[in-house]
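Come and read along with me.

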Amino acid sequence: MVFPCFYLPPVSWFSAVLRSAGAVYPFRDPISIELEAYENFHKQTLRNRCYICSPGGRAALTIPVDKSNFSAKGKCLMRDIRISGQYDWRKQHLTAFESSYYSSPFFEFLIDDFRPIYNKEWVFLMDFNEALTEKCFDLLGVNAALRRTDNYAGAADTFTANTRSYYQVFASKHGFIPDLSIVDLLFNTAAEAVLYL
(Lines give C-alpha, C1' and ligand atoms only; values in the text may rest on other atoms or scores of the structure.)
Protein backbone atom coordinates (compact mmCIF):
# COMPACT_ATOMS: atom_id res chain seq x y z
CA MET A 1 0.00 0.00 0.00
CA VAL A 2 1.17 3.52 -0.81
CA PHE A 3 0.84 6.31 1.74
CA PRO A 4 0.91 10.08 1.35
CA CYS A 5 3.90 11.88 2.85
CA PHE A 6 2.33 13.89 5.68
CA TYR A 7 3.86 16.34 8.16
CA LEU A 8 3.85 14.55 11.53
CA PRO A 9 1.02 12.27 10.40
CA PRO A 10 -2.06 11.63 12.52
CA VAL A 11 -2.48 8.57 14.71
CA SER A 12 -4.79 7.00 12.09
CA TRP A 13 -1.99 7.14 9.46
CA PHE A 14 0.39 5.19 11.70
CA SER A 15 -2.36 2.68 12.56
CA ALA A 16 -3.09 2.16 8.85
CA VAL A 17 0.61 1.67 8.04
CA LEU A 18 1.03 -0.96 10.76
CA ARG A 19 -2.20 -2.75 9.75
CA SER A 20 -1.27 -2.80 6.06
CA ALA A 21 2.18 -4.19 6.89
CA GLY A 22 0.68 -6.87 9.11
CA ALA A 23 2.88 -5.63 11.94
CA VAL A 24 2.21 -7.18 15.32
CA TYR A 25 3.45 -5.88 18.68
CA PRO A 26 6.21 -6.31 19.73
CA PHE A 27 7.55 -5.13 16.38
CA ARG A 28 10.53 -7.36 15.67
CA ASP A 29 10.28 -7.59 11.89
CA PRO A 30 11.14 -4.55 9.78
CA ILE A 31 8.35 -3.02 7.72
CA SER A 32 8.61 -1.30 4.36
CA ILE A 33 6.56 1.83 3.68
CA GLU A 34 6.15 3.42 0.28
CA LEU A 35 5.50 7.17 0.22
CA GLU A 36 3.82 8.83 -2.75
CA ALA A 37 6.32 11.22 -4.35
CA TYR A 38 4.66 11.81 -7.74
CA GLU A 39 1.27 13.12 -6.75
CA ASN A 40 0.50 16.79 -7.23
CA PHE A 41 0.82 18.70 -3.98
CA HIS A 42 -2.59 19.24 -2.38
CA LYS A 43 -2.94 22.59 -0.65
CA GLN A 44 -4.48 22.82 2.83
CA THR A 45 -3.85 19.15 3.64
CA LEU A 46 -1.71 17.18 6.06
CA ARG A 47 1.18 17.23 3.59
CA ASN A 48 2.35 20.48 5.17
CA ARG A 49 0.04 20.67 8.19
CA CYS A 50 -0.46 18.76 11.42
CA TYR A 51 -2.92 19.14 14.28
CA ILE A 52 -2.02 19.21 17.95
CA CYS A 53 -3.96 19.74 21.16
CA SER A 54 -3.15 23.26 22.35
CA PRO A 55 -4.43 25.14 25.40
CA GLY A 56 -7.12 26.55 23.07
CA GLY A 57 -8.11 23.15 21.62
CA ARG A 58 -7.29 21.59 18.26
CA ALA A 59 -4.64 23.74 16.55
CA ALA A 60 -3.02 23.53 13.13
CA LEU A 61 0.72 23.90 12.58
CA THR A 62 1.48 24.69 8.95
CA ILE A 63 4.77 24.64 7.07
CA PRO A 64 4.89 27.46 4.49
CA VAL A 65 5.70 26.28 0.97
CA ASP A 66 7.55 28.14 -1.76
CA LYS A 67 5.21 28.53 -4.72
CA SER A 68 7.89 29.69 -7.17
CA ASN A 69 8.21 26.23 -8.78
CA PHE A 70 4.46 25.67 -9.19
CA SER A 71 3.19 25.52 -12.77
CA ALA A 72 0.89 28.18 -14.22
CA LYS A 73 -2.02 25.92 -13.22
CA GLY A 74 -0.76 25.84 -9.62
CA LYS A 75 0.58 22.29 -9.77
CA CYS A 76 3.81 20.80 -8.44
CA LEU A 77 4.83 17.25 -7.60
CA MET A 78 5.10 16.47 -3.91
CA ARG A 79 8.78 15.52 -4.30
CA ASP A 80 9.53 19.00 -5.70
CA ILE A 81 7.78 21.09 -3.04
CA ARG A 82 10.23 23.48 -1.42
CA ILE A 83 9.87 24.88 2.08
CA SER A 84 9.55 28.66 2.18
CA GLY A 85 11.99 30.64 4.30
CA GLN A 86 9.29 33.26 4.73
CA TYR A 87 9.34 33.25 8.54
CA ASP A 88 10.80 31.15 11.33
CA TRP A 89 8.03 28.55 11.33
CA ARG A 90 10.38 25.92 12.86
CA LYS A 91 10.83 27.98 16.03
CA GLN A 92 7.10 28.70 16.06
CA HIS A 93 6.27 24.97 15.85
CA LEU A 94 8.73 24.04 18.62
CA THR A 95 7.25 26.81 20.79
CA ALA A 96 3.76 25.47 20.09
CA PHE A 97 4.89 21.98 21.16
CA GLU A 98 6.30 23.41 24.37
CA SER A 99 3.23 25.48 25.25
CA SER A 100 0.93 22.55 24.42
CA TYR A 101 2.87 19.61 25.85
CA TYR A 102 5.25 20.93 28.50
CA SER A 103 3.12 19.43 31.27
CA SER A 104 2.58 16.15 29.42
CA PRO A 105 4.27 13.12 31.01
CA PHE A 106 6.94 12.55 28.34
CA PHE A 107 7.54 15.90 26.65
CA GLU A 108 10.87 16.54 28.40
CA PHE A 109 12.11 13.05 27.50
CA LEU A 110 11.17 13.21 23.81
CA ILE A 111 11.45 16.82 22.61
CA ASP A 112 15.23 16.57 22.26
CA ASP A 113 14.72 13.78 19.71
CA PHE A 114 12.88 16.27 17.49
CA ARG A 115 15.02 19.40 17.97
CA PRO A 116 17.89 18.37 15.63
CA ILE A 117 15.39 17.80 12.82
CA TYR A 118 13.79 21.20 13.37
CA ASN A 119 17.15 22.94 13.75
CA LYS A 120 18.38 21.75 10.34
CA GLU A 121 17.79 23.87 7.24
CA TRP A 122 15.60 21.79 4.91
CA VAL A 123 14.98 22.61 1.26
CA PHE A 124 12.33 20.06 0.35
CA LEU A 125 9.16 19.36 2.32
CA MET A 126 9.24 15.64 1.55
CA ASP A 127 12.76 15.28 3.01
CA PHE A 128 11.68 17.04 6.20
CA ASN A 129 8.48 15.00 6.51
CA GLU A 130 10.39 11.74 5.97
CA ALA A 131 12.96 12.59 8.63
CA LEU A 132 10.22 13.30 11.18
CA THR A 133 8.27 10.17 10.23
CA GLU A 134 11.39 8.01 10.60
CA LYS A 135 12.01 9.55 14.04
CA CYS A 136 8.41 8.83 15.09
CA PHE A 137 8.68 5.18 14.00
CA ASP A 138 11.95 4.95 15.92
CA LEU A 139 10.30 6.33 19.07
CA LEU A 140 7.45 3.84 18.61
CA GLY A 141 10.00 1.01 18.46
CA VAL A 142 9.11 0.13 14.86
CA ASN A 143 11.90 -0.73 12.42
CA ALA A 144 10.50 1.05 9.37
CA ALA A 145 12.16 1.54 5.99
CA LEU A 146 10.66 4.44 4.06
CA ARG A 147 11.02 4.65 0.31
CA ARG A 148 9.49 6.85 -2.35
CA THR A 149 7.41 5.77 -5.31
CA ASP A 150 9.15 5.82 -8.70
CA ASN A 151 6.03 7.13 -10.44
CA TYR A 152 2.48 8.04 -9.53
CA ALA A 153 0.89 5.17 -7.61
CA GLY A 154 -2.07 6.90 -5.96
CA ALA A 155 -2.15 7.06 -2.17
CA ALA A 156 -5.16 6.99 0.11
CA ASP A 157 -5.78 10.37 1.68
CA THR A 158 -8.00 9.47 4.62
CA PHE A 159 -7.69 6.77 7.24
CA THR A 160 -10.03 5.36 9.85
CA ALA A 161 -9.45 7.25 13.07
CA ASN A 162 -8.57 5.30 16.18
CA THR A 163 -11.40 5.87 18.64
CA ARG A 164 -9.53 4.53 21.65
CA SER A 165 -8.83 7.45 23.96
CA TYR A 166 -5.62 8.07 25.86
CA TYR A 167 -4.46 10.71 28.33
CA GLN A 168 -4.33 14.23 26.87
CA VAL A 169 -3.12 17.25 28.82
CA PHE A 170 -6.17 19.41 28.09
CA ALA A 171 -8.83 16.68 28.13
CA SER A 172 -10.50 18.20 31.20
CA LYS A 173 -10.91 21.44 29.26
CA HIS A 174 -11.70 20.19 25.72
CA GLY A 175 -12.53 16.51 26.13
CA PHE A 176 -10.60 13.88 24.20
CA ILE A 177 -9.65 15.10 20.71
CA PRO A 178 -9.14 12.10 18.38
CA ASP A 179 -6.70 11.64 15.52
CA LEU A 180 -4.24 14.38 16.26
CA SER A 181 -0.62 14.23 15.15
CA ILE A 182 1.40 11.27 16.38
CA VAL A 183 3.37 13.70 18.58
CA ASP A 184 0.27 14.11 20.75
CA LEU A 185 0.22 10.37 21.39
CA LEU A 186 4.00 10.20 21.90
CA PHE A 187 4.27 13.16 24.30
CA ASN A 188 1.36 11.81 26.36
CA THR A 189 2.09 8.06 26.37
CA ALA A 190 5.70 7.52 25.11
CA ALA A 191 6.51 3.79 24.93
CA GLU A 192 2.87 2.85 25.47
CA ALA A 193 1.89 4.69 22.26
CA VAL A 194 2.06 1.49 20.20
CA LEU A 195 -0.73 0.00 22.32
CA TYR A 196 -3.10 2.66 20.94
CA LEU A 197 -2.26 2.06 17.27
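My entries below go from the aromatic rings to a helix, then to single residues.

**Before I start.** I am working with a predicted model, where local features need pLDDT of at least 70, side-chain atom pairs count only at pLDDT 80 or more, and totals for chains, interfaces and linings use all residues. Residues are numbered from 1 along each chain as its sequence is written, and side-chain values use heavy atoms, with hydrogens and water left out.

**Entry 1: ring pairs.** How many aromatic pairs does the structure hold? I found 21. Rings of Phe, Tyr and Trp (its six-membered ring) pair if their centres lie within 6.5 Å; planes under 30 degrees apart count as stacked, over 60 as edge-to-face, and the rest as tilted.

I looked up Phe106 and Phe109, a tilted pair with 6.5 Å from centre to centre and 50° between the planes. Phe106 is partly exposed at 28% relative accessible area, while Phe109 is exposed at 64%. For these words I use relative accessible area: buried is under 20%, exposed is over 50%, and partly exposed is in between (1.4 Å probe, protein chains only).

Next came Tyr118 and Phe128, an edge-to-face pair with 5.4 Å between centres and 85° between planes. This pair links distant parts of the chain, with Tyr118 in helix 3 (residues 107-119) and Phe128 in helix 4 (residues 125-140), 10 residues apart. Helices (H or I, at least four residues) and strands (E, at least two) are DSSP runs, numbered from the N terminus.

**Entry 2: charges over rings.** Here a charge sits over a ring if NZ of Lys or CZ of Arg is within 6 Å of the ring centre and within 35 degrees of the ring normal. Arg58 lies over the face of Tyr51, 3.7 Å from the ring centre. Lys120 has its charged end over the ring of Trp122, at 4.2 Å from the centre.

**Entry 3: helix 6.** I checked helix 6 (residues 182-189) and found eight of its eight residues buried. Among them are Ile182, Asp184 and Phe187. What do the buried residues of helix 6 pack against? They pack against helix 1 (11-21), strand 3 (49-54), helix 2 (89-101), helix 3 and helix 4.

**Entry 4: positive phi.** Just after helix 6, Ala190 takes a positive phi of about 50°, although Ala190 is not a glycine. Ala190 is buried, at 12% relative accessibility. Gln44 also has a positive phi, near 55°, and is a residue other than glycine. I located Gln44 in the loop between strand 2 (31-35) and strand 3, where Gln44 is exposed at 68%.

**Entry 5: Ser100.** My last stop was Ser100 in helix 2, which is buried at 2%. Where does the side chain of Ser100 reach? It reaches the backbone oxygen of Ala96 at 2.9 Å. Leaving aside neighbours within four places in sequence, Ser100 is in contact (heavy atoms within 4.5 Å) with Ile52, Cys53, Ser54, Pro55, Val169 and Phe170.

Key
Polar contact = N/O pair within 3.5 Å; in protein donor to acceptor, adjacent residues only side chain to side chain.
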